[in-house]
Amino acid sequence: MDADLAFSAIRISTPLIFAAMGGLLTYQAGMLNIALDGFMIVAAFAAIAIAYATGSLTIAVAGGVACAVVMAGLLALFNLRFRAHIFIAGVAVTFLAYGLTALLLRGILGEEGVFSSNTIPNFPPIAIPFIKDIPVLGRVLSGHTLLVYVAYLCVPVVAWSLYRTRWGLRVRVVGEAEDAALAAGIRVERIKVQTMLLSGVFCGLAGAYLSLGYVSLFANKMTNERGLIALAAIFFAKGRPYPTALVALLFGTATALSVRLPQMTGAAPQLLQLIPYVVTVLALIVVGLRNARGRNRHGAWKFDVT
Amino acid sequence: MSETPLDVVSISGVVKRFGDFTAIHDASLTVRRGEVHAIVGENGAGKSTLMNILYGLLPRDAGTIELFGRPVTFSGPAEAIAAGVGMVHQHFKLAPSFTVADNIILGSEPLAGYGRIDRARAERDTAAISRRFGLDLDPRAVVGALPVGLRQRVEILKTLYREAQILILDEPTAVLTPQETRELFATMRTLAESGHSIVFITHKLREVLAVSNRISVMRQGRIVATLDNEGVTAQEIAGLMVGRSVLLRVKKAKAEARDEVLLKVDGLEARGERGEAAVDGLSFAVRSGEIVGLAGVQGNGQDELVECIAGLRRPVAGSVEICGTKAVADPRRNRAAGLAYVPADRGGVGLSLASGIWENLTVGHIEEFGRGPFLAIKAARARAAELIRRFDVRGATLDKPAGSLSGGNQQKVQIARELTRDARLVIAEQPSQGVDIGAIESIHRTLVEMRDAGRAVFVVSADLDEIFSLSDRILVIYRGRIVADLVASETDPETVGRYMGGLEEAPPAAAASVSEAADHVH
């Protein structure tokens, strides 16, 4: 039972990890990207529609990622070219994504609210040699589908890129001290566009996983604010990749619990479904307290009455 | 082999417009190999604008720039850097949480394959150039933890790492102690001797005379003269800068300090933004009828001290008394007790730049014009118009946003509002920062008038010229403590500078006078 819970926590955390990796790149580059949900939902729709039409998971995932990248490009265009505030632009892109997918769901697939089909192919579970034979751990770690492994492997790749490479140094300096980057001759805009598009790639994977791996259907607004939860994880971990992934995993575990507990305890499922959101709120309270302690009693007046 | 031409930079006929405003008129200038070339002028004269054009940060509207004899047009700093131009900005362009080496290599990072940074080489190279130019620095130190003087070294090393031949230093001494300034000048000379050319932007005339080979004076966007630094006096340069002769020191009678203590700080301790002990058990008093200057290098606790007095920060220990009333962490109550505060951060704390000038002049006087929930707008506007005339706020109309005024005139608006309050303690923080010479004169004169009217004036300034021009008594703050309490007429900038740099301990006499001041109250 516990191994099952851990197994599903890993599975449930997968889209959060993808989205969090995407969001933390823009976070590190100094942009608050609140359109993660928008990128994901478009990818989720495109992936399932393409899988339905072609029967190919590869093309479906690639198509989902491409569509999410287009949305990311749109946000970059609004924010960096037309100078719209990133928050407003992010809300606009998300609403556009929700509306567009609902419209196309009806227009192309002829369904209202939910779409699924038996002809959509499934990701086969992959057993990892050797690890699958370890007692308990094997049951937790092995037997997931491809995208789950990809998500967790992205974490060290992102960490390596940010902290070991030239590109990563530039991203982090752009985020912390844009002036310093400009004065050093770095093309700040280009770095920002790159992180935004990569954010699209990661959210594309998250979305494709949601509609093809996690479940095999598309529903309107099926991302369920996972993008915002991923953002909470990023803020909690201050944008560092490993801690961010860990917090995302914690949120995923809370969700897994909320699915399992009703079966085990018989408590009202509606109440238990609150668990992931309560955990998120608690995490944000911790972030707030941590910041408040930075501006302690003896800090300067920040023009809020205390 | 062609010889390097004598003129490494030659700017001719450069024009820069911002909308209708012409910031640079037909400027021409040459910089020679191996010289220190000072560009002086008031704030807003166009010094930084001209150099930003040379550095590729701003495009020019007309004119040509030649570098090593070849015409160039830079579309960004990257191209200027590649062509051998480096700039150290007035506000450092450093990433504080990164190491010295990271900051130095940024933009031209040594690679180790797969886009990886070769950190070992970065640290080696950083150590090597810092040794070569005698600018000692630990490549692994985190920049945010370094004192200002060392951060400036990082900036200079950044340009040298990119093999800049021409270094532009924009107001480099503004944040340095006299001792650090001397070290910087030595570095500038070393660099010039090794064939670098240095453009040194400043408005401090003594420094210009001390270090430069040639001096170009800018006024209202024009280069009005380029002089060899031989037999030129500060007065002559000042005259060229403003177009008329100016008083470099405001005239004032001897202080008549009375015994009434209007500001008493006793054993004050406060923490800084990062929780460090910024103000560390500090005591002093300011009496009515005197101007006390607080000298110190920025970041030694001045900000926190003033915030505690203004009620913007809660002290950890100790007390502040304003006109006999115990101060609390509440700006409104401290102001009611008799505090007028002219903050250094005009745009953030002092004024609302987006609001009209009359509104800025009226806040803080609401009691006077409040009619229940409403405001006697007519009366408030009439008073604002009167203040604009009285304090000679140039270019002001009642409804113009305060942000449209020049720095000096914004400062006059702040001063007009604060000094017309019925407040006997005046705290002026960096009163002449970003203010041109003409306005500095009138601001200083106003502060002296306040003193003569029996108020207590406490001036916090990083500018020693200003401290000496205004103060009757000079306190020096170093690492959150008052290390010296000196009579202005009996000391000199060099001595104060030594205290500012922490090179000397407080003499016992100073400590005695502080406790004596405290005794007066009891």
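I am working from a predicted model, in which local features need pLDDT of at least 70 and side-chain atom pairs count only at pLDDT 80 or more, while totals for chains, interfaces and linings use all residues. Residues are numbered from 1 along each chain as its sequence is written, chains are lettered from A in the order in which they are written, and side-chain values use heavy atoms, with hydrogens and water left out.

**Interface.** I looked up the contacts (heavy atoms within 4.5 Å) and found 28 residues of chain A against 35 residues of chain B.

I then looked for a salt bridge, meaning a side-chain nitrogen of Lys or Arg within 4 Å of a carboxyl oxygen of Asp or Glu, and the count between the two chains is one. Arg170(A) and Glu109(B) form it through their side chains, at 2.7 Å from N to O. On the side of chain A that touches chain B, helices (DSSP runs of H or I, at least four residues) H6 (146-164), H7 (166-176) and H8 (178-183) each supply at least two residues, and H7(A) gives the most, with six.

**Cores.** I next looked up nonpolar cores, which are sets of buried (under 20% relative accessible area, 1.4 Å probe, protein chains only) Ala, Val, Leu, Ile, Met, Phe, Trp, Tyr and Cys residues joined through side-chain atoms within 4.5 Å. The largest has 144 residues, and Phe39(A), Leu212(A), Phe251(A) and Met188(B) have the most contacts inside it. Helix H1 (residues 2-28) of chain A gives the most to this core, with 13 residues. I noted a second, separate core of 35 residues, which includes Leu351(B) and Val459(B).

Methods. Buried < 20%, exposed > 50% of the residue type's maximum accessible area, 1.4 Å probe, protein only.
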